[in-house]
Amino acid sequence: MAKKLEDYPTAEAYLPERITLPALREAAQECRGCPLYKIGTQTVFGEGKRDARVMMIGEQPGDQEDKAGKPFVGPAGKILNDALAEVGIDRDEVYVANAVKHFKWEPRGTRRIHAKPNAREIQACKPWLTAELQVVKPQMVICLGATAAQALMGKDFRITKSRGEIFRDTQYAPWLMATAHPSSILRMPSSEDREAAYRALVADLQVAAHELGAAKTGR
Ligand code: SF4
């Protein structure tokens, strides 16, 4: 009989004894905490410096990230890099990760189309994200999209209502903000809509940059 999602042990069962980024990254490659390991090519673990001031969290790796084994290297990553450069957040100060570490997809012809991870899969993968947050201890967490925001802030969190707002003294970081996922910009139907959505992303990141800059100068 096929194994049901609730029969999988979650990522908790695969966490290493010593919680360091190299140990976590290595252990995550062997994760079988939910069935997504069967359809993704590999675990795409977070990347960045251990002492990064900012952690940005997306939903899950995309097609190109799945092949490369690295987060945010595809078209969404390019948008994110452009937006960060525009607001003056140093990409080297940012640790990037996903709420779910395997690519969930459905076939459409010869293409692999993104499929949204469900609540159980997000919960099953959360121990990796929690461990990354524990090690990096970022000053600011920026959730990109509803999946990451709801994974950390609960299922009632709405990007439409609370994007660009700074939440203080959260259990994950002194500051937490949510904004749209850059891949949502790519899905906009017209170039005008894409431009408007990109400007909205930049405006949100500007708020984050201001806060980070103010902290640096000891405001
Ligand atoms: S998605 Fe997360 S919990 Fe599921 S197998 Fe991959 S790493 Fe493990």
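In the predicted model, five strands are arranged as an open sheet of mixed pairing in the order 2-1-5-7-6, where strands count as paired if DSSP finds at least two bridges between them. The edges are formed by strand 2 (94-98) and strand 6 (167-168), each of which pairs on one side only. Helices (H or I, at least four residues) and strands (E, at least two) are DSSP runs, numbered from the N terminus. Strand 6 is joined by two bridges to strand 7 (residues 175-179), the two running antiparallel, and Phe167 stands opposite Leu176 of strand 7. Residues are numbered from 1 along each chain as its sequence is written. Because the model is predicted, local features need pLDDT of at least 70 and side-chain atom pairs count only at pLDDT 80 or more, whereas totals for chains, interfaces and linings use all residues.

Helix 5 (residues 146-153) lies across strand 1 (54-58), strand 5 (140-144) and strand 7, and runs at about 130° to strand 5; axes are lines fitted to C-alpha atoms, for helices over the stretch in contact, with angles from 0 to 180 degrees between N-to-C directions. Contact here denotes two residues whose C-beta atoms, placed from the backbone, lie within 7 Å.

The secondary structure of the protein chain comprises eight helices and seven strands. For 219 residues, a compact globule would have a radius of gyration near 17 Å, and the value of 17 Å for the protein chain agrees with this; the radius is taken over C-alpha atoms, and the globule rule is 2.2 Å times the number of residues to the power 0.38. Among contacts between residues at least 6 apart in sequence, 71% join residues at least 24 apart.

Of the 219 residues, 41% count as buried, that is, with 20 or more other C-beta atoms within 10 Å of their own, against 12 or fewer for exposed residues and values in between for partly exposed ones.

Ala180 lies in the loop between strand 7 and helix 7 (182-186) and is partly exposed, with 19 other C-beta atoms within 10 Å. The C-alpha atoms of Ala180 and Leu144, 36 residues apart along the chain, are separated by 5.2 Å.
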